[in-house]
Amino acid sequence: MLDKNTQQILQLVQQRCQQKNLRLTSKRSNVLQLMLDENKPLSAYDIMASYQIYFQESISVVSIYRMLNFLIQAQLIHKLLSSNKYLVCSHITCSHVHEIPQFLICNTCHQVEEVGIGKSLVSELEANIVSTGFKLQRQQLELYGICSDCQHLQ
Ligand SMILES: [Zn+2]
Ligand SMILES: [Zn+2]
Ligand SMILES: [Zn+2]
C-alpha cells in the first residue's frame, strides 16, 4: 500500500513529466516511489535490491542506472558524487527554478539536507573559479558534518 503522501507526489510528478514530454514509465515511477519511501541516500545496488523486495521483480543494475539517469535529467533526484548515492530532490514538488544544490551530509546518521545556494554566493564562487582558468562542469557542493539532531544526542 502506497503512503498517501508518496502517492500524491508521484501523481504530481507524473503530470509535470507529461507536460514536459518526459516519459515517466511505470518502472521509472517505481524507482522514484521506493526512493521516496526509503527517504535516505541509496546506491544503485541498494535500489536494485529494494526494487526486488517492493515489486517482486528483478531488474539489472544497468537498467537501474539508466532509470536513475533519466530521473536525474528530469531533475527529480540528485546523485551525491562523494558517495555515489542517489536521493530524491527535496524540491520535487516545487515549481520554482532549482538553485545550485548544496548537500549537508551528516557523518553520524547519514541524513542529507539539501539547501539551495543563493545567486550572489554562486556568482562569487564562479568568479573565483574563473580567475584560476578552471572550467566548471558540474555545480554541486557536498559538505560533511554533524546534523542538529545528532549534535543534541552528544
Ligand atoms: Zn534538488
Ligand atoms: Zn522548493
Ligand atoms: Zn545526524
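Colleague: Is cysteine 147 buried, partly exposed or exposed?

Modeller: Cysteine 147 is partly exposed, because its relative accessibility is 21%. Buried means under 20% relative accessible area, exposed over 50%, and partly exposed in between, with a 1.4 Å probe and protein chains only. Please note that this is a predicted model, in which local features need pLDDT of at least 70 and side-chain atom pairs count only at pLDDT 80 or more, while totals for chains, interfaces and linings use all residues. Residues are numbered from 1 along each chain as its sequence is written, chains are lettered from A and ligands numbered from 1 in the order in which they are written, and side-chain values use heavy atoms, with hydrogens and water left out.

Colleague: Which residues coordinate the zinc ion (ligand 3)?

Modeller: Cys106, Cys109, Cys147 and Cys150 coordinate the zinc ion (ligand 3) through their SG atoms, at 2.3 Å. Donors are N, O and S atoms within 2.8 Å of the metal (3.2 Å for Na, K and Ca); water is not among the atoms, so sites may look incomplete.

Colleague: And how are those donor residues spaced in sequence?

Modeller: The spacing for the zinc ion (ligand 3) is C-x2-C-x37-C-x2-C. Cysteine 109 sits in the loop between β3 (101-106) and β4 (112-116), and cysteine 147 in the loop between β5 (141-145) and α6 (148-153), so this pair ties together parts 38 residues apart in sequence. Helices (H or I, at least four residues) and strands (E, at least two) are DSSP runs, numbered from the N terminus.

Colleague: Is cysteine 109 buried, partly exposed or exposed?

Modeller: Cysteine 109 is partly exposed, at 33% relative accessibility.

Colleague: Changing topic, how many salt bridges are there?

Modeller: The count is one salt bridge, where the term means a side-chain nitrogen of Lys or Arg within 4 Å of a carboxyl oxygen of Asp or Glu. The partners are glutamate 57 and lysine 27, at 3.4 Å from N to O.

Colleague: Where do glutamate 57 and lysine 27 lie in the chain?

Modeller: Glutamate 57 is in the loop between α3 (44-55) and α4 (61-73), and lysine 27 is in helix α2 (residues 26-38); the two are 30 residues apart and link distant parts of the chain. Glutamate 57 is partly exposed at 30% relative accessibility, and lysine 27 is partly exposed at 37%.

Colleague: Finally, how many helices and strands does the chain have?

Modeller: The chain has six helices and five strands, in the order α-α-α-α-β-β-β-β-α-β-α along the sequence. Of its 154 residues, 32% are buried.
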